[in-house]
Amino acid sequence: MRKYVIMGVQGSGKGTQSELLCADLGLVHISVGDIFRWHVQNHTKLGAQVRRTMKAGELVGDDLVESVVRQRLDQHDWNFGFIIDGFPRNGRQAEFFMESYDIDGVVHLELPDAEVRRRVLSRRLCPGCGMDYNLIADRPEQEGRCDICGTQLVVREDDTPEALAARLRDYHEKTRPVLELFRRKEVVYDIDARASADEVQKEIRKALHLPTS
Ligand SMILES: [Zn+2]
């Protein structure tokens with residue numbers, strides 16, 4: 001059984017790397033963001049709570065995140081292990097999590113803020129069909145137009161330099177104590193996330209002593 005935590009700033013490729021890791025190792029990818037999105041889309045009680053919180057411009061509280069993660073892990077559908085993304089959120093949760101689940105490793109994707117800005121600020125969205133684009137990696141064939149439906153692409157509302165700077169500050173502030181605690185337990189693997197997705201995956205597997213597919 002393999003149990004990992006993956007940490008990294010927005011744009012560091014956490015989702016992609018988690019999926020690649022899960023693909024042939026039979027791990028379950030537990031993404032707190034995805035769980036919340038699912039609840040919002042399916043109009044559950046929890047979804048309504050999350051929606052209210054975000055509408056008020058607040059972050060979902062650490063305790064709510066913790067109970068959602070507990071519920072998810074209690075399903076015990078992770079026979080080969082899991083990789084969790086979006087948790088733990090503070091030192092206390094990290095301590096508890098380490099002890100109760102005996103975590104094998106923390107993958108820390110490192111990306112300089114300047115590169116985060118470059119990646120995130122080049123994102124575009126099609127308001128017509130919801131397709132995502134990126135002017136660095138997935139350019140539309142015709143500039144500024146969706147390949148699928150032809151609608152004019154837009155920048156996401158929260159992808160302004162100011163909003164991103166605030167998110168980065170918040171990320172570093174929240175992540176520091178969690179990373180420090182994991183570092184003291186000597187379970188952190190720092191991975192340079194500037195390389196291509198395939199190369200980053202190779203480095204992760206090397207660090208965790210996993211077979212390279
Ligand atoms: Zn479109």
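This report describes the zinc site, strand pairing, salt bridges and nonpolar cores of a predicted model.

## Basis of the description

Residues are numbered from 1 along each chain as its sequence is written, and side-chain values use heavy atoms, with hydrogens and water left out. Because the model is predicted, local features need pLDDT of at least 70 and side-chain atom pairs count only at pLDDT 80 or more, whereas totals for chains, interfaces and linings use all residues.

## Zinc site

The zinc ion is held at 2.3 Å by the SG atoms of Cys 126, Cys 129, Cys 146 and Cys 149, its protein donors. Donors here are N, O and S atoms within 2.8 Å of the metal (3.2 Å for Na, K and Ca); water is not among the atoms, so sites may look incomplete. The angles subtended by the four donor atoms run from 98 to 119 degrees, which makes the arrangement tetrahedral; four donors receive that label if all angles lie between 85 and 135 degrees.

Along the chain, the donors follow the spacing C-x2-C-x16-C-x2-C. Cys 126 lies in the loop between strand E5 (123-125) and strand E6 (132-134), and Cys 149 in the loop between E6 and helix H7 (161-184), so the pair ties together parts that are 23 residues apart in sequence. Helices (H or I, at least four residues) and strands (E, at least two) are DSSP runs, numbered from the N terminus. Cys 126 is buried at a relative accessible area of 1%, while Cys 149 is partly exposed at 38%. These classes are set with a 1.4 Å probe on protein chains only: buried is under 20% relative accessible area, exposed is over 50%, and partly exposed is in between.

## Strand E1 and its partners

Strand E1 (residues 2-8) is mostly covered, as six of its seven residues are buried. E1 pairs in the parallel sense with strand E3 (residues 81-85) over five bridges, and Val 5 stands opposite Ile 84 in E3. E1 also runs parallel to strand E4 (residues 105-110), to which five bridges join it; there, Leu 109 of E4 is the bridge partner of Gly 8. Two strands are taken to pair if DSSP finds at least two bridges between them.

## Salt bridges

The model contains 18 salt bridges, each defined as a side-chain nitrogen of Lys or Arg within 4 Å of a carboxyl oxygen of Asp or Glu. One of them links Glu 115 to Arg 118, with the closest N and O atoms 3.0 Å apart. Both residues belong to helix H6 (residues 113-120) and are three residues apart, about one turn of the helix. Glu 115 is buried, with a relative accessible area of 16%, whereas Arg 118 is partly exposed at 46%. Arg 183 and Asp 190 form another salt bridge, again with closest N and O atoms 3.0 Å apart. Here Arg 183 is partly exposed at 36%, and Asp 190 is partly exposed at 37%.

In helix H8 (residues 197-208), Glu 203 and Lys 206 lie three residues apart, about one turn of the helix, and their side chains meet in a salt bridge (3.4 Å, N to O). Glu 203 counts as partly exposed at 38% relative accessibility, while Lys 206 is exposed at 57%.

## Nonpolar cores

A nonpolar core is a set of buried Ala, Val, Leu, Ile, Met, Phe, Trp, Tyr and Cys residues joined through side-chain atoms within 4.5 Å. The largest has 32 residues, of which Phe 36, Phe 82, Phe 97 and Phe 182 touch the most other members. Elements giving two or more residues to this core include E1, strand E2 (28-31), helix H2 (32-41), E3 and H7. Helix H4 gives the most to this core, with five residues.

A second, separate core of 22 residues includes Val 9, Leu 21, Leu 25 and Leu 168.

Terms used. Four donors count as tetrahedral if all angles lie between 85 and 135 degrees; four count as square planar and six as octahedral if opposite donors are over 155 degrees apart and all others between 65 and 115; anything else is irregular.
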